[in-house]
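Here's a quick tour for someone meeting this protein for the first time. Have a look at the sequence and the model, then read on.

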Amino acid sequence: MAKASLGRHADFNRLWAGQTISNFGDKISLLALPTIAIVTLGGGPVEVGVLGTLRFLPFFLLAPLAGLVADRVSRRSIMIAADLGRFLALASIPVAFALDAVTLPHLYVVAAVVGVLTTFFEVSYQSWLPQLIGTENLVEGNTKLQISRSLAEALGAGAGGALMQVLGAARAVTVDAFTFLVSLVALLFIRHREVREQVEGRKASAAADMKEGMRTLFGTPVLRSLFVSNVVVNFGAAIGDALILVYAYNVLGLSPGQVGIAWAVMAVFVIVGAVLSEQVAKALTLGRTLVLVAVVLGAGYILVPSAGAVGGFAGLLVVQAVLGFVSPIFDIHVLSLVQGVTPNDQMGRVGGTALAAVYGALSVGYAVGGVLGETVGLTPGLVLAGVIIALGGLTLLLGPVAAIREQPGGEPQDVRAEGGPEDGTPEDDPERPVASVTG
């Protein structure tokens, strides 16, 4: 299938616009909810920690279930329902504030509801994207969505602070609530509809469906290899992220302003890495790119102490630029490759299970990072984090991923068997490049 730019793909552009706006708004509430807990309700670190846990724990606990539902029900319908639910949950905060009825339990319920619905939305949208735009456009689509997320990360917190200053924290949440309405309207105007037989009339039990998804994930060499690598890389990155900010303040003695600049530099290079991700993979081949960027990412954490010791603030800027550049390249190509080789009718279960494992690795990694920082010290902890990340990338050399030259094109391949696709040899079709899945 010939590859065409998504610039004129009206349905994708509607999805992209809706996601860009809702991602921006999401950063506002991530800052505003803890602010309400602290400033208005007198909460402390425990209350803020509970809010954060309730917002992200659902990914770890419910992503496999969300994947099962996404493979049985219209994914677009799930996304619309999730946007409506998140709007109602967040809109309840300014209403309660106006009635002088805001409480910590209310904030906890809102955080939990938003977390659950976001889990279902993310799993459904990642499962729906390949059918919406075609696997040949996945890298471009995921790149544009990653850029939007990066811009939201860089600008959303600042905008949230300004809005809270002008409107107050509770009213600032109203802005986030309405961004979900914008996303909902964008979804309603998308004309593409899923192939009904792929989302209706499933006769297998939920347990059988879950087992089928697990067999596909762990029985397909490419998917299994990507799963192991991604979990290990994210585990190591979480350890490093738990330590690097403490290192910047306590060892390098940087001010909050300098730290803000360093993280802003990282955000800029995340965007640069996302924009250049496809060109990097074309120059190096896809498999080599994934291995190399993971190793470079690990090396970046290892070099934090030496760069900081030699260059102080300037050294940290360089390291943050490197970390920011390579991170989106790894994320974009891993996600695109998973979407490209997973059968559409199992996309939700495979993606949901993978998301749960990644979020579990992040949760454990942050905890391990905190323990390492207290016991062995910040520098050894950062070095160990970098080694783990690099090893995660090198595990790809043990499977078929390192030999893949480019992302798959055309329809997702049925690669459930150890030997590769069940029907024919798609690599013989010069018009439809596919990933090598021999193992």
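With which side chain does the side chain of H192 make a polar contact? The partner is the side chain of Q131, at 3.3 Å. A polar contact here is a pair of N or O atoms within 3.5 Å; within protein, one must be able to donate a hydrogen and the other to accept it, and residues adjacent in sequence count only if both atoms are side-chain atoms.

This is a predicted model, where local features need pLDDT of at least 70, side-chain atom pairs count only at pLDDT 80 or more, and totals for chains, interfaces and linings use all residues. Residues are numbered from 1 along each chain as its sequence is written, and side-chain values use heavy atoms, with hydrogens and water left out.

Back to H192: you'll find it in the loop between helix 6 (169-188) and helix 7 (206-219). Helices are DSSP runs (H or I, at least four residues), numbered from the N terminus. H192 also touches D11, R76, W128 and L132, among others, where contact means heavy atoms within 4.5 Å.

The protein chain has a mean of 82, and 88% of its residues reach 70 or more.

| Stretch | pLDDT | Contacts in the model |
|---|---|---|
| residues 196-201 | below 50 | ten contacts |
| residues 410-439 | below 50 | 71 contacts |

Key: pLDDT = per-residue confidence, 0-100. Helix = DSSP H or I, 4+ residues; strand = E, 2+ residues; numbered from the N terminus. Lists of a residue's contacts leave out its neighbours within four places in sequence.
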